[in-house]
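These are my notebook entries on a structure that was new to me. I set down what I looked up, in the order in which I looked it up.

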Amino acid sequence: MTLWNETKEVLKTDLHSIDAQVVFYSGDAAIVFPAVYIQGSAPGAVDVNGCAVSESIALDLFGSTDIVGQTLQIGDRNVQIRGVFRDRQISPLQRHKNLIC
């Protein structure tokens, strides 16, 4: 069983911040948000301090998709990036800035 909740949050690094759709989950990330990863992977089922971000978020916040291990802030919580998933093949009208934790 996997439980999830989706909400809009502000994501911050030391230099940048953006609004994003965040999917918080408990269980198997692939059930809630199947994705193709270009770096790393989704946080494990018991990883409460990890997240995975879309290519768009990676580029907007860090200027690169090679960001596994970097930290970002969601509200008052710091999380470590475990993976970056592909979203660039989606049309700009359908693309959303997503993060899964």
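I first traced the order of elements along the sequence, which reads β-β-α-β-β-α-β-β-β. The protein has 2 helices and 7 strands; helices (H or I, at least four residues) and strands (E, at least two) are DSSP runs, numbered from the N terminus.

I noted that this is a predicted model, in which local features need pLDDT of at least 70, side-chain atom pairs count only at pLDDT 80 or more, and totals for chains, interfaces and linings use all residues. Residues are numbered from 1 along each chain as its sequence is written, and side-chain values use heavy atoms, with hydrogens and water left out.

I then looked up burial: 35% of the 101 residues are buried. Buried means under 20% relative accessible area, exposed over 50%, and partly exposed in between (1.4 Å probe, protein chains only).

I turned to F62, which lies in helix α2 (residues 55-62). F62 is partly exposed, because its relative accessible area is 26%. Leaving aside residues up to four places away in sequence, F62 touches T13, I57, I67, Q70, T71 and I81; contact means heavy atoms within 4.5 Å. I also checked F62 against H16: they are 46 residues apart in sequence and 8.2 Å apart in space, C-alpha to C-alpha.

Last, I located D87 in the loop between β6 (77-85) and β7 (98-100). Is D87 buried or exposed? D87 counts as buried, because its relative accessibility is 3%. The D87 side chain makes a polar contact (2.8 Å) with the side chain of S56. A polar contact is a pair of N or O atoms within 3.5 Å; within protein, one must be able to donate a hydrogen and the other to accept it, and residues adjacent in sequence count only if both atoms are side-chain atoms.
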